[in-house]
Amino acid sequence: MSELILIIEDEVAIQNLIEVNLQAAGFRTQVAGTGRRGLDLSRHEVPAIVLLDLNLPDISGIDVCRSLKSDAATADVPVIMVTARTDEVDRVVGFELGADDYVSKPFSPRELVLRVRAVLKRSRRARARDSGEVIRFREIVIDQGRHRVTVNGEEVTLTALEFKLLVTLLDRRG
């Protein structure tokens, strides 16, 4: 089953534009025209990602984001803000609340789909890292759960920062 993307947007034309393009890219979608409805839908089925407008008719997108990030069930769900607000202060507040990306309207539907995929990919990697996954690259083996690195079978002692940098570099090779 494909991943669910929750679109919280009050403008029907933009809802349809986003929904059609995400479905064409193979995603399942749910649409909410208000912040409260979006929060209700996210509690019913936790989405893989939320696309969130800041200008909603009932409660602000900022408050929706704050609610999502404060709820244990949705705290790790990535949020991409899709909004007409382009001021730096709005972007900064969004990122401070935990938004993973910020897309200004008008936007390219193709770019939005690519950003969704990129954020989902980063989110999956973070979950795998948190679950203690083992990463193998050539002669390097990283056991994230035990915080251990070996090269050609010999353990290498790394600081916490060095370990994190190595994992990040291997996650983003190329």
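Strands, in the sense used here, are DSSP runs of at least two residues, numbered from the N terminus. In this predicted model, one such run is strand β8, which spans residues 148–151 and includes T150. The relative accessible area of T150 is 12%; because buried denotes a value under 20%, T150 is classed as buried. Apart from neighbours within four places in sequence, T150 is in contact with E139, I140 and V141, as well as with E155 and V156.

Strands β1 and β2 were examined next. Strand β1 comprises residues 4–8 and strand β2 residues 28–32; the two run parallel and are joined by five bridges. Within this pairing, I5 has T29 of β2 as its bridge partner. Together with helix α1, formed by residues 12–24, β1 and β2 make up a β-α-β unit that is right-handed.

A further site of interest is D58, which is located in the loop connecting β3 (49–52) with α3 (61–70). The relative accessibility of D58 is 29%, so this residue counts as partly exposed. When neighbours within four places in sequence are set aside, the contacts of D58 are with T34, G35 and R36. For G35, the backbone nitrogen is placed 2.9 Å from a polar atom of the D58 side chain. The C-alpha atoms of D58 and G33 are separated by 9.5 Å in space, while the two residues lie 25 residues apart in sequence.

Terms used:
Residues numbered from 1 in each chain as written. Predicted model: local features only at pLDDT ≥ 70, side-chain atom pairs only at ≥ 80, totals over all residues. Heavy atoms only, no water. Helix = DSSP H or I, 4+ residues; strand = E, 2+ residues; numbered from the N terminus. Buried < 20%, exposed > 50% of the residue type's maximum accessible area, 1.4 Å probe, protein only. Contact = heavy atoms within 4.5 Å. Polar contact = N/O pair within 3.5 Å; in protein donor to acceptor, adjacent residues only side chain to side chain. Pairing = 2+ DSSP bridges. Right-handed = clockwise from strand over helix to strand, strands pointing away.
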